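Open the model in your viewer and keep the selection panel at hand.

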Amino acid sequence: MSDSAPDRFRSDPTQVETDTRDARISGTDDRFNSKLRQAFGASPFILTKFDQFMNWVRGSSMFMLQFGIACCSIEMMHTYAVKHDLDRFGAGVPRASPRQADVIIVPGTIVSKFAPRMKRVYDQMPEPKFVVGMGSCTISGGPFQEGYNVVKGAEEVIPVDIHVPGCPPRPEALIYGVAKLQERIATGESSPVVVKPYDLEEFGDLDRDEVVDQLAEQIDEDDLVMRYNWADSP
Amino acid sequence: MSLEEPGPDADAAAVARAADEMEALVGEHVLSRDDHLNAPGYVVRPDAVQDVLGTLREEANLDHLSCVTAQEYEDRYESIYHLKSYDDPTHEASVVVPTPKDDPRSESAAPVFRTADWHEREAYDLVGVEYEDHPDLRRILLPETWQGHPLSLDYDQERPQIVPLREHANPLEDDQKADEGETMYLNIGPHHPATHGVLHLKTTLDGEQVIDVDPDIGYLHRCEEQLCQNSTYRYQIMPYPDRWDYISAGLLNEWAYARAIEDMADIEVPEYAQVIRTMGAELCRIAAHMLAVGTFALDVYGDFTAIFMYAVRDREKVQNILEDLTGQRLMFNYFRLGGVVWDLPDPREEFFESIRDFLDHLPGSLEEYHDLISANEILQVRTVDTGVLPPAVAKSYGATGPVARGSGVDYDLRRDDPYGYYDELDWDVVTEDGMDNYSRLLVRLREVEESAKIIEQCVDLLEDWPADDRTIQSNVPRTIRPDDDTEIYRAVEAAKGELGIYMRSDGTEQPARFKIRSPCFSNLQTLPEMSNGEYIPDLVASLGSLDIVLGEVDR
């Protein structure tokens, strides 16, 4: 420790207020100059709109839903784990319950049996909530698009903010997608979301046609159902 | 075939003799012969299925019902029972059961082989064959309100479908309230951290004990069989196997398809390519087992920080090597018919160095795993003597892979039905006699060591391979059209067990029927057997030790 050290640490309370601050501001002692301080300048106060502040906070601390579907979830796990470590970006704490999560990453193919469940999980998340579609399957059905059972993209069911293409996307790509989402949230951008929803509705509310008539015996009037009109899918 | 080698002819004669002997056993029921490339096929009447399968199991030692394939022809439906022997998987037979188009009913094999339960449900679901005497014939992969059978010939894919989202009912009692009934009904999944994907377990509890567990699958049924049937043999099918078992086990799956089509279309694979394949496949096995071990520890004592991260760390190393080799981290698409797509990356020395580096560190990492996991008292309490699966039960359910080997069933296709370069190398099949969750964990950890042995030998071989003899692919025609009505069932030892593929050609360049025998599908069937009567934490541990991957269960 150098001889000047006693000078840098003031114990006299009247001097602490002036000398230490001066040393910090003039740059002779920048130990307390965090990035945040630098952003704020000499004054520890900042004037901003409450909304902007909230957006910034929201984007800086996002809780992801622990939600694995298919192949992409393996790469998603690698994104959370060592080496890629999504937590570095303030977005790496997976929550097991949708009620504690802000972001749902949809990592895989959505099939007819799973879409109602996914819709239910999405509905259980509190507002505001964001969706990252991971992989080609959530964009269009990907390599499985021509399957008889495959929903042609997550946007048929829930709105998607960010699409990360790939089959599967590399962890770096997912991190980029999440970072982009954080950026958008922080700046308060909202995406124009186009959903062609396969919605959950009561069976009794469906328009009656041949298919509905055939199933009338198996399904109660007030059961929730999702109706897939495959011919209208892209 | 030269005259100096009488081997194949003698083999063929022996096989023909064995086939005739088997035919003699069940002769009274056999209508005709319909031999497949891999095995003799006996056509039997729909009402003699149980008799024939029972006799073959008892008298001919065909105790492994590997797979049930159903398909529709222009004039009939057909169910094929692919039988094997656990002692010698090259001892095979197919029982072919044709049923008429207007009344596709045949007798169920479920009373003889318990594994037939799910396989026949799948056949009913996708193709539409009905099985009499089946304990519980309902849809398995598709939602119960689905209209039509998607792999039948007249299925209309444009038809709208309606899928309900209902509260599931307690199968044992009407009421779910504790004060009126004795039992409680609990849904585990399809979105749950411990189900390894989108599996749904309908569980009925009495206090903390499981009375009944019914796995509800199909939440990831991606129509893999249909997509393969709509793709050409030469290039289009190969990317799909990567996506069945997607836990980095891609090359193992690709090998299943490669082996089936290479045997079907009579394609040679150069020795050099076989060594590369063997090395790549074993790297994949290590990666897959690492994840199995990591997530198992996660299930058993919720250790997201240490074990899981250790496992991912080692997987990242393997994935780096595989990326150097194939160009992809997860979905390799590296095999081609008759070889692999490209040679080892340049500079070769650096590539070998990276593998050797990984292998040098592996014993140290495994020691860490043993310190952290298998020597851990908490884990031992949770896993020793829980999820017990006796060998006879495992065989009856068609369990294979680490699940069977953890029950002391000495069955490994790499040794018993050799392919690739395995029979030239020095390695052992790992078995454990504990029959419990702990044994299955140990089998996986020890198999990593064996895989490392295989990789090391492959690297040695590849390093010394003469530079002028590095053929990575044999000459394969641009389009492949196997002869009309050729049928084959071939299996390889994938990370989870026996991954088999049945294909039937119709003279075009696309298969007429492509059936995947998934090891996880059969292994998952043993879950009620292991969990009923046990505590619910043991159910979670048993599920973790089965190491299922839903992409392969549902296909």
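A salt bridge is a side-chain nitrogen of Lys or Arg within 4 Å of a carboxyl oxygen of Asp or Glu. This is a predicted model, in which local features need pLDDT of at least 70 and side-chain atom pairs count only at pLDDT 80 or more, while totals for chains, interfaces and linings use all residues. Residues are numbered from 1 along each chain as its sequence is written, chains are lettered from A and ligands numbered from 1 in the order in which they are written, and side-chain values use heavy atoms, with hydrogens and water left out.

**Stop 1: a salt bridge.** Select A:Lys83 and B:Glu316. Their side chains form a salt bridge, with 3.5 Å from N to O. The rule finds four salt bridges across the interface of chain A and chain B.

**Stop 2: the whole interface.** Now select both sides. In contact (heavy atoms within 4.5 Å) are 59 residues of chain A and 58 residues of chain B. The buried area, meaning the accessible area (1.4 Å probe) that two parts lose on being put together, summed over both, is about 5200 Å² between these chains, and carbon and sulfur atoms give 63% of it. Next, pick A:Lys113, A:Arg117 and A:Tyr148: they supply 18% of the area that chain A buries against chain B, more than any other three residues.

**Stop 3: paired strands across the interface.** Helices (H or I, at least four residues) and strands (E, at least two) are DSSP runs, numbered from the N terminus. Two strands pair if DSSP finds at least two bridges between them.

**Stop 4: a sheet in chain B.** Which strands form the open sheet here? Three strands do, in the order 14-15-16, with antiparallel pairing. The edge strands, each pairing on one side only, are strand 14 (487-493) and strand 16 (511-517) of chain B. Strand 15 (residues 498-505) of chain B is joined to strand 16 of chain B by six bridges. Zoom in on B:Ile501, whose bridge partner in strand 16 of chain B is B:Ile516.

**Stop 5: the helix across the sheet.** Finally, select residues 250-264 of chain B, which make up helix 5. This helix lies across strand 14, strand 15 and strand 16 of chain B, and runs at about 145° to strand 14 of chain B. Axes are lines fitted to C-alpha atoms, for helices over the stretch in contact, and angles run from 0 to 180 degrees between N-to-C directions.
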